[in-house]
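Student: I'm new to this one, and I'd like to know where the labels come from. Could we go through them together?

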Amino acid sequence: MSRVYKAPENPYVVEGNHFRITGGNVHKVSGTSLGGILGVSPWATEFTVACNLLGLCSEDISDKPAVKVGQALEEEIVRFADTAYPQYGHFYPAEQVFEAREGDHDSWVSDWEDDTFAGHLDGVVIGDDGEEYVLEIKTSGNMDSWAEGVPRYYQLQVCLYNHFMTKKDMAYVVLGAVNENTYKDYHSWIPNEKTVALFPMNIDQEAFQKVLDQVKEWYEKYILNGVTPDYDPNNPIDVEMYEHLVGLTKDISEIETMVSKLAEVTREIDNLESDNKDKYDLQAEIRQKLKDYMEAHALTEIKGTGAKVSLSKTTRTSIDEKAMEKDGIDVSKYKTAKISNTLRYKEIEE
């Protein structure tokens with residue numbers, strides 16, 4: 001499935017294998033950008049990071065289960081760490097140390113002032129000596145990537161925060177191990193010694209200064225000049241973003257042709273569904289009978305020839321607004337609005 005990208009913030013032109021913005025504002029380098037710039041991130045490259053920093057293109061990950069789970073469990077993980085690892089000091093979430101942050105994460109003001117770099121701490125650890133250390137919280141369903149400690153792309157993020165906020169030779173990363181059940185219902189996650197792990201992280205400040213110098217040089221070469229590096233035609237992540245941005249520069253006549261193609265494909269699908277209506281109906285009928293039987297007999301799986309069906313329970317939680325109002329809570333204070341665009345298709349008569 002294709003990624004969902006946010007709309008470009010700045011106007012741009014295509015220059016062969018790269019892009020150049022023709023106006024607008026650029027972003028600063030965040031901790032999550034470092035891994036892509038330095039070629040150690042599994043999710044980003046220097047091309048995709050440059051597209052993001054230039055306000056050209058960034059993936060909209062706000063609705064991804066992993067992101068939502070990470071946000072929902074962050075404070076709970078900090079609370080558990082505070083009781084589970086007293087030998088390291090007290091663990092505090094950022095909101096208890098800094099002023100509360102409001103609005104969308106991307107709109108937050110950086111925790112420090114710098115011309116190139118920006119970031120937001122998850123929290124701090126205050127040792128028995130009163131010293132403050134950077135605290136970073138992560139959740140992951142891929143334990144293999146943590147087998148040798150904090151992955152390099154996360155180390156860079158923590159080192160950035162440490163450089164600007166505490167300048168210590170030590171920081172702390174706490175990992176919450178999650179799985180598919182957590183993504184379906186984060187309330188099912190229980191913090192314990194098997195689902196939470198602490199990683200004290202040594203920091204070589206002199207070595208990281210060289211990293212900062214390298215990234216700053218890259219930033220001045222590309223971002224401050226309003227241009228991206230060339231995309232890598234052998235990297236699927238680069239290719240998808242490059243083709244997406246090129247597609248947005250097409251002439252309207254090409255887009256009108258795409259609408260016609262959509263109509264053609266839609267009619268073909270409608271015809272196929274109409275011709276096979278009896279099969280679709282039979283499929284739905286069989287599925288319902290299987291579900292009814294499994295529920296009646298408390299079965300979770302039935303195998304047939306070449307296939308099997310399984311039945312799993314999903315628990316969804318919701319807020320009872322009427323109950324909140326009954327308790328004197330102003331519900332409107334906690335409501336947020338998310339604006340999205342919906343593409344609708346309708347055939348027109350010639």
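Student: Why is Leu290 called partly exposed?

Tutor: Its relative accessibility is 32%. Buried means under 20% relative accessible area, exposed means over 50%, and partly exposed is in between (1.4 Å probe, protein chains only), so Leu290 counts as partly exposed. Before we go on: this is a predicted model, where local features need pLDDT of at least 70 and side-chain atom pairs count only at pLDDT 80 or more, while totals for chains, interfaces and linings use all residues. Residues are numbered from 1 along each chain as its sequence is written, and side-chain values use heavy atoms, with hydrogens and water left out.

Student: Where does Leu290 lie?

Tutor: In helix H10, which covers residues 277–296. Helices (H or I, at least four residues) and strands (E, at least two) are DSSP runs, numbered from the N terminus.

Student: What makes Leu282, Ile286, Leu290 and Val309 a nonpolar patch?

Tutor: Patch members have over 30% relative accessible area and no salt bridge, and nonpolar side chains (Val, Leu, Ile, Met, Phe, Trp, Tyr) are joined within 5 Å; like charges would be joined within 9 Å. Together these four have about 290 Å² of accessible area, a value from the Shrake-Rupley method with a 1.4 Å probe, where only the protein chains shown count as cover for residues. Helix H10 gives the most to the patch, with three residues.

Student: How do you know that Glu295 and Lys291 form a salt bridge?

Tutor: A salt bridge needs a side-chain nitrogen of Lys or Arg within 4 Å of a carboxyl oxygen of Asp or Glu. Here N to O is 2.8 Å, so the pair qualifies. Both residues lie in helix H10, four residues apart, about one turn of the helix.

Student: What makes Lys168 buried?

Tutor: Its relative accessible area is 17%, and the limit is under 20%, so Lys168 is buried. Lys168 also forms a salt bridge with Glu131, with the closest N and O atoms 3.1 Å apart.

Student: How do you know that Lys168 lies over the face of Tyr133?

Tutor: A charge sits over a ring if NZ of Lys or CZ of Arg is within 6 Å of the ring centre and within 35 degrees of the ring normal. Lys168 is at 5.6 Å from the ring centre of Tyr133.

Student: Which residues have the most contacts inside the largest nonpolar core?

Tutor: Leu56 and Trp218, in a core of 50 residues. Such a core is a set of buried Ala, Val, Leu, Ile, Met, Phe, Trp, Tyr and Cys residues joined through side-chain atoms within 4.5 Å. H5 gives the most to this core, with seven residues.
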